[in-house]
Amino acid sequence: MNNSIKKVVIVGGGTAGWMAAALLKKVLLNTVDIELVESEEIGIVGVGEATIPPIQIFNQYMGFDEREFLKETNATIKLAIKFENWRVQGESYYHTFGAPGTQLGFTSFQHHWLKAKQLGLAQSVWDFDLNYLCCQQEKFNIIKTPNPLYEVPYAYHFDATLYGRYLRKLAEKAGVVRSEGMISHVQVNEITGDVQSLLLRDGRQIHGDLFVDCSGIRGLLIKQALQVPYENWSHYLPANSALAVPSERHADTKPYTRSIAHHAGWQWRIPLTHRNGNGMVYNSDFLSDDEAASILLGNLDSKALAEPRKISFTTGRTTQQWHKNVVAVGLSSGFLEPLESTSIHLIQSAIVRLLKVFPHHGIDASLQQYYNQDSKAEFETIRDFIILHYHVNERRGEKFWDQMRHMAVPERLAQKIQLFKQTGHVFNDANDIFRDASWLQVMLGQGVMPLDFHPSVNAIPDAALLSSLEQIRQAKWQPLTQMTGHDDFLRRYTSSLT
Ligand SMILES: Cc1cc2nc3c(=O)[nH]c(=O)nc-3n(C[C@H](O)[C@H](O)[C@H](O)COP(=O)(O)OP(=O)(O)OC[C@H]3O[C@@H](n4cnc5c(N)ncnc54)[C@H](O)[C@@H]3O)c2cc1C
């Protein structure tokens, strides 16, 4: 029997659906037919504006001209997230995409910095991070250099709806067929348990061999038709509601996202070239919708352009993200709050993972097993990184924050925090998109301090240690001379498009 996949049907035309359609078509060419079904009546979730640097790999692979992409999606540059009031009210720190200092011999930079601090060094670890310096001065330029000291890793803030349209144009041009219509029934084969076809409200029937469920939080195929259980992580991450509201463009767009903690939840502020994206993430047991709206609207730095829109969710993931002939991508596969802007990345990595083990010769259990193990590990490491921000807080006397501080956390996270406290060392999980520098910044920013530095640093004479740190600090400042204001960069760069 020939079980090869001849037709892929993508359900949904949000960011997940169009990213999947565009990339699958780009890689698989005409070896399979691709049809995407979406319903304008249902619409898309329409939020999701901050990204992390691997989005550049996706865009480059798709062959985007970066200048055109920035223009088409009203994008700005993102160098970091500024976390305000997370450790205690009134303090802030950055999680940048850069890295403080540089590796010095056997030991990581933080050990040298910790010893220097004991010797009286005044500078914070971020003073040795070029991304941080750019954020402080609101400057940016693309620096092409083989020297890691001068690198400025970046991502984007963009309008996700415009990004979807941009991808749709490309995908349709490459041969993806789009069908508009409401799916009223999902036909499941009683013997195999596979999805056989989709029935649209107007009577059309769409058959396929492999279905990619990009239907959003409802999970039309994976949850509703195939009944794959959902693993609920609300005991770790209790937020279950978000309010989103656009506001007028702020005078100067900042090259970073702002995440502002409130007494029960947090607020995001994302600068685009035509408007700001804002929202509030909270748990409805601690904050009513009206209270959340009042905090959100009271903390905008420009005029609201609409009424806040509510989105409800349950943090967690489907226990299998590939079941039978259905692969769930995007919000249908799980939800993690947007604290570290990871959902669009999860879409990207899910499609890449599917392409790695694409069932050209039919669906085999080994492919599904690999896919499901890998996606589980990826979701869990991101979940743990998000929990870290909440758990190690010092906002004592506030019910929500006290609960987050006292809760039991996943064992791997507890171990990571303890190891850092004991040794100053950050250990990496293979599937963790966030590497040492990210964990280091959030742990230090949230007030987790190691007991000591690694003793190997004692081999360096004090004066030599301080002098080498000063050299690194100065080197990190150097590229700033080639930089311009963030808005000025965007204007000049996008207008160089011919
Ligand atoms: C409050 C909030 C803030 C976020 N912020 C960020 C962020 O900063 N960064 C980030 O990376 N991510 C963020 N995300 C996540 C991001 O928005 C999503 O990952 C992304 O938009 C993908 O959504 P989706 O395509 O899976 O689902 P959706 O956008 O909901 O699309 C679902 C699609 O399925 C179709 N559909 C559903 N049912 C049917 C049916 N019966 N018939 C036909 N079609 C159907 C719909 O028409 C639609 O086209 C955020 C999410 C939320 C909720």
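Two strands count as paired if DSSP finds at least two bridges between them. Keep that in mind as we walk through this structure, which is a predicted model.

Let's start with a sheet. Six strands, in the order E8-E2-E1-E12-E21-E20, form an open sheet of 6 strands with mixed pairing. At its edges lie strand E8 (177-180) and strand E20 (322-323), each of which pairs on one side only. Strands of a sheet pair through backbone hydrogen bonds, and they can run parallel or antiparallel. Look at the E20 end: E20 and strand E21 (residues 326-328) pair in the antiparallel sense, over 2 bridges.

Now step back to the whole chain. The domain assignment gives domain 1 (7-49 + 159-231 + 316-363), domain 2 (98-155 + 384-484) and domain 3 (241-312). Taken over C-alpha atoms, the centres of domain 1 and domain 2 are 38 Å apart. Their contact draws on 6 residues from domain 1 and 7 residues from domain 2.

How is such a meeting place described? The size of an interface is often given as the accessible area lost when the parts come together. Between domain 1 and domain 2, about 580 Å² is buried, and carbon and sulfur atoms give 72% of that area. On the domain 1 side, Glu337, Leu339 and Glu340 lose the most area to domain 2, together 70% of what that side buries.

Note on methods
Residues are numbered from 1 along each chain as its sequence is written. This is a predicted model: local features need pLDDT of at least 70, side-chain atom pairs count only at pLDDT 80 or more; totals for chains, interfaces and linings use all residues. Side-chain values use heavy atoms; hydrogens and water are left out. Domain bounds come from an automatic or database domain assignment. Contact means heavy atoms within 4.5 Å. Buried area is the accessible area (1.4 Å probe) that two parts lose on being put together, summed over both. Helices (H or I, at least four residues) and strands (E, at least two) are DSSP runs, numbered from the N terminus.
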